[in-house]
Amino acid sequence: MKKIFFALCILAAGCSSTSIINSWKAPGATLSPEQYKKVLVVVMAKDENARKAAEDKIVANHKALQASYPVFTIKDLGEDTLKVKNKVKEQGYDVIIVMRLITVKAKSTYVAGSRNQAYQKNGIYYFGDYLNSSSYATDMQFIVSTNVWSIKDEKLLWSGVTESTDPKKIDKLVNEVAKEVVYKMTEDGFIKK
């Protein structure tokens, strides 16, 4: 299982605009390849195409990971959780990883104006060019929760919440969330280095 999460981590190499807000680990819980061999990945999304793209991106990195969209529709996942749980058990899954967008919020930041140094050095002061005006920049922040559930123990093993600023594509968002989740799972001792 450790290899699964490090494969996810490799996906997300590069600069990240995602950070962990908080995480929780069940006391004594660890994720090891001996315990968990078949993992179902569920991305809860309103848009079926976005869900498929995200799940495909995650499961492409390890054979133990399997996408949920061939098994369950979005409607199935939202309606009868007992039915979903029983079907997951019947199909022999050990673990479910659930990623869900909690909210999207706008965050405005004040950007102070500045002086144009070229004008100041040459002794030419055209007021409109000399002072750059102040403004506000608005960033969109995506809050995503990731939960790891043990099917056989019927309990939550690990949970984390990430915050991502202005991801351009779903691929980038999934990669960055995976990277931060793997890092935090390792830091929490949930997966071994």
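Q: Why does Glu154 count as partly exposed?
A: Glu154 has a relative accessibility of 46%. Buried means under 20% relative accessible area, exposed over 50%, and partly exposed in between, with a 1.4 Å probe and protein chains only. So Glu154 counts as partly exposed. Keep in mind that this is a predicted model, where local features need pLDDT of at least 70, side-chain atom pairs count only at pLDDT 80 or more, and totals for chains, interfaces and linings use all residues. Residues are numbered from 1 along each chain as its sequence is written, and side-chain values use heavy atoms, with hydrogens and water left out.

Q: Where does Glu154 lie, and between which strands?
A: Glu154 is in the loop between strand E5 (135-150) and strand E6 (155-165). Helices (H or I, at least four residues) and strands (E, at least two) are DSSP runs, numbered from the N terminus.

Q: What is the phi of Glu154?
A: Glu154 has a positive phi of about 50°, although it isn't a glycine.

Q: Why is Thr186 called buried?
A: The relative accessibility of Thr186 is 16%, so Thr186 counts as buried. Thr186 is found in helix H7.

Q: How far apart are Thr186 and Thr30 in sequence and in space?
A: They're 156 residues apart in sequence, and 9.9 Å apart in space, C-alpha to C-alpha.

Q: At what angle do the axes of H2 and H7 cross?
A: The axes of helix H2 (residues 48-59) and helix H7 (residues 170-187) cross at roughly 45°, coming within 10 Å. That's why H2 is called oblique to H7. Angles under 35 degrees count as roughly parallel, over 145 as roughly antiparallel, 65 to 115 as roughly perpendicular, and the rest as oblique.

Q: Which residues of H2 and H7 make the contact?
A: On H2, they're Ala50, Ala53, Ala54, Lys57 and Ile58, and on H7, Ile170, Asp171, Val174 and Asn175. Contact means heavy atoms within 4.5 Å.

Q: How many residues of each class does the contact of H2 with H7 have?
A: There are six nonpolar, one polar and two charged residues. Ala, Val, Leu, Ile, Met, Phe, Trp, Tyr, Cys and Pro count as nonpolar, Asp, Glu, Lys and Arg as charged, and the others, Gly among them, as polar.

Q: How many helices and strands does the protein chain have, and what pattern does it follow?
A: The protein chain has seven helices and six strands. Along the sequence, the pattern reads α-β-β-α-β-α-α-β-α-α-β-β-α.

Q: What share of the protein chain counts as buried?
A: Of its 193 residues, 37% count as buried.

Terms used. Axes are lines fitted to C-alpha atoms, for helices over the stretch in contact, and angles run from 0 to 180 degrees between N-to-C directions.
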